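This briefing is for a reader who is new to the structure.

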Amino acid sequence: MTETNLTGAALEVAQKRETQGLNLTLGVHFTKVEPGLVEAEMPITPALLQPFGFLHGGATIALLESVASAGGELACDLETEQPFGVEVTIRHKKSGREGDVARGVAKLAERKPSSKAGYKLYWDVAAYDGDGDVISDGVIVVKVVPKDYLAQKLAERGQA
């Protein structure tokens, strides 16, 4: 796996995401975290294989959602906004093999206002094998919502 030289907010995002939950289980390691571009690696271990010995597509999707989500976190103001993954469109082109390392890349393609509140970040994502071939690619949408809007919605639901 590649070493990183992350600092500041990028290091905080990576450490938080690497040390808990699904990313910890998958062994995801962030190698680049900067506005508009996030990269991470995931070792392809026996635990990530489907019954026929190939990398499970769900593990690849989790890697790609992880890099897009980290990008969404870095792109918003966490004091006043909350990012949520809301859409995943992925095409599987090739499978990874045990012993290789999958590299997930998310590049911010577009930012659009949301119809109700906040905005949507469209991330072009791709996972690559050790030879640089595309395993999977697609688009992941992260919606960023103002926290005051979320609080309002929760209050309304509590009254219903």
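A charge counts as sitting over a ring if NZ of Lys or CZ of Arg is within 6 Å of the ring centre and within 35 degrees of the ring normal. By that rule, Lys112 lies over the face of Tyr122, 5.5 Å from the ring centre. The model is a predicted one.

**Aromatic rings**
- Arg111 also has a place over a ring: this residue lies over the face of Tyr119, at 3.5 Å from the ring centre.
- Pairs between aromatic rings are another matter, and their count is zero.

**Helix α1**
- Helix α1 spans residues 8-18, and its buried residues are Ala10, Val13, Ala14, Arg17 and Glu18.
- These buried residues line one face of the helix, because they fall within an arc of 115° when α1 is viewed down its axis.
- The elements that the buried residues of α1 pack against are α2 (21-26), β1 (29-34) and α3 (57-75).

- Asp129 belongs to the loop that runs between β5 (119-128) and β6 (134-146).
- Buried means under 20% relative accessible area. Asp129 has a relative accessibility of 7%, so this residue counts as buried.
- At 2.9 Å, the side chain of Asp129 reaches the backbone nitrogen of Asp133.
- Leaving aside residues up to four places away in sequence, Asp129 touches Lys94, Asp100, Val101 and Ile135.

Notes
Residues are numbered from 1 along each chain as its sequence is written. This is a predicted model: local features need pLDDT of at least 70, side-chain atom pairs count only at pLDDT 80 or more; totals for chains, interfaces and linings use all residues. Side-chain values use heavy atoms; hydrogens and water are left out. Buried means under 20% relative accessible area, exposed over 50%, partly exposed in between (1.4 Å probe, protein chains only). Helices (H or I, at least four residues) and strands (E, at least two) are DSSP runs, numbered from the N terminus. The arc is that of the directions from the helix axis to the C-beta atoms. Contact means heavy atoms within 4.5 Å. A polar contact is a pair of N or O atoms within 3.5 Å; within protein, one must be able to donate a hydrogen and the other to accept it, and residues adjacent in sequence count only if both atoms are side-chain atoms. Rings of Phe, Tyr and Trp (its six-membered ring) pair if their centres lie within 6.5 Å; planes under 30 degrees apart count as stacked, over 60 as edge-to-face and the rest as tilted.
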